[in-house]
Amino acid sequence: MLLEKFLEQGCLKEEEFKELLDQFDQGSLTREALLTLTKKAVALRECYYGKKVYTRGLIEFTNYCKNNCYYCGIQAKNSNVTRYRLSMEEILSCCESGYDLGFRTFVLQGGEDPYYTKERMTEIIKEIRCRYPDCAITLSVGEKDHDTYAAWKEAGADRYLLRHETADEAHYRKLHPEGMTFEHRKACLYDLKSLGYQVGAGFMVGSPYQTNKSLAKDLLFLKELKPDMVGIGPFISHHDTCFKDMPNGTAEKTVFLLSVIRVLLPNVLLPATTALGTVDPQGREKGIKAGANVVMPNLSPVAVRKQYELYDSKICTGEEAAECRGCLERRIASTGYEMVSMRGDVAKR
């Protein structure tokens, strides 16, 4: 049985992964087999991280983007978006409120906005590092050149999130405009690794034109890359994109893949994402119970949260930071785990 082979070996060949995913889709994996997978994932997660769930304070500091990724609500050509940029003072204010709430990692996430040059971002990173020396600084601002990544690492950035989106080049071309390639994104990820960042990759589950063969390539790419973090979440369509009528990904397959990724990369930092909580009211709890160990409450000013709309119906856009954290803390406690105030670095292999 393929699932048994995977649990024993920790990896499969591409065709075997595809077949395992086909079996999941067809409902031919028994309840007992799925429970065995979940138990293995949870055991590995608790081996490395115990009952701790790490928090990341998410600061969505700009919704300007020069790219036109077909699935994204803030793509450059969407004229219906109310654009915004946070000043350094506003970003630091988010950090201050987050620190007081117990966050020890700040995630600066935004579109690929040319306004935030290498020098401007360096200044922001240095100021956060100066004020919060005990905190981790994570960046998630897309594809840059090696020198830019190096400058930000030297300024004090610790981690970088760059979802690879899909390791299938043909599929990549169906999700992105001409000029964007998987090979370039892959090169960026390896640049980041070479510079000593803790690196995060990831993909959408159920994205348009995705096949189980594509997903098998994703899993093998993750095994090759050995990232410190993997962010996956269900695809959710946005009404202003060409994919507006495409079906969303499911919580069920996302949760299954969270367990698979935990077995594939036992010590990885694995978020239960906001997108998972959007498609299923219990999605984040299900993710934690499947082997995830990270959540990312929003520290962005409430006034701009609705403008950072990558997909429709995003949850937690109207809550204050304290409300958002308090709500998640209770939700995580209900699963038998505990949100903690720590940097939450990747455990050593």
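A: **The paired strands and their surroundings**

T138 has R159 as its bridge partner in β5. In this predicted model, that bridge belongs to the pairing of strand β4 (residues 136-140) with strand β5 (residues 159-161), which is parallel and runs over two bridges. As background, strands of a sheet pair through backbone hydrogen bonds, either parallel or antiparallel. Both β4 and β5 are members of an open sheet of six strands, whose order is β2-β3-β4-β5-β6-β7 and whose pairing is parallel. At its edges stand β2 and β7 (229-234), each of which pairs on one side only, and from one strand to the next the twist averages 20 degrees. A helix also covers part of this sheet: α8 (residues 182-194) lies across β5 and β6 (198-205), and it runs at about 155 degrees to β6.

L58 counts as buried because its relative accessibility is 9%, and buried means under 20%. Leaving aside neighbours within four places in sequence, L58 is in contact with V107, Q109, M296, P297, N298, L299 and S300. L299 lies 241 residues from L58 along the chain, yet their C-alpha atoms are separated by 5.3 Å.

Helix α2 (residues 14-26) packs with α10 at an angle of about 145 degrees, and their axes are 11 Å apart; α2 passes α10 in a right-handed crossing. On the α2 side the contact is made by F17, L20, L21, F24 and D25, and on the α10 side by E252, K253, F256, L257, V260 and L264. Sorted by class, this contact has eight nonpolar residues, no polar ones and three charged ones.

There is also an open sheet of three strands, in the order β8-β1-β9 and with parallel pairing. Here β8 (294-295) and β9 (338-340) are the edge strands, each pairing on one side only. Strand β1 (residues 52-55) pairs with β8 in the parallel sense over two bridges, and T55 stands opposite V295 in β8. Helix α14 (residues 321-333) lies across β1, β8 and β9, and runs at about 140 degrees to β9.

Finally, the loop between α13 (302-305) and α14 holds S313, and C316 is found in that loop too. Most residues other than glycine have a negative phi. For S313, however, phi is positive, near 65 degrees, and for C316 phi is likewise positive, near 65 degrees. S313 is exposed, because its relative accessible area is 58%, whereas C316 counts as buried at 17% relative accessibility.

How values were computed: Residues are numbered from 1 along each chain as its sequence is written. This is a predicted model: local features need pLDDT of at least 70, side-chain atom pairs count only at pLDDT 80 or more; totals for chains, interfaces and linings use all residues. Side-chain values use heavy atoms; hydrogens and water are left out. Axes are lines fitted to C-alpha atoms, for helices over the stretch in contact, and angles run from 0 to 180 degrees between N-to-C directions. Helices (H or I, at least four residues) and strands (E, at least two) are DSSP runs, numbered from the N terminus. A crossing is left-handed if the near helix is turned anticlockwise from the far one by less than a right angle, and right-handed if clockwise. Contact means heavy atoms within 4.5 Å. Ala, Val, Leu, Ile, Met, Phe, Trp, Tyr, Cys and Pro count as nonpolar, Asp, Glu, Lys and Arg as charged, and the others, Gly among them, as polar. Buried means under 20% relative accessible area, exposed over 50%, partly exposed in between (1.4 Å probe, protein chains only). Two strands pair if DSSP finds at least two bridges between them.
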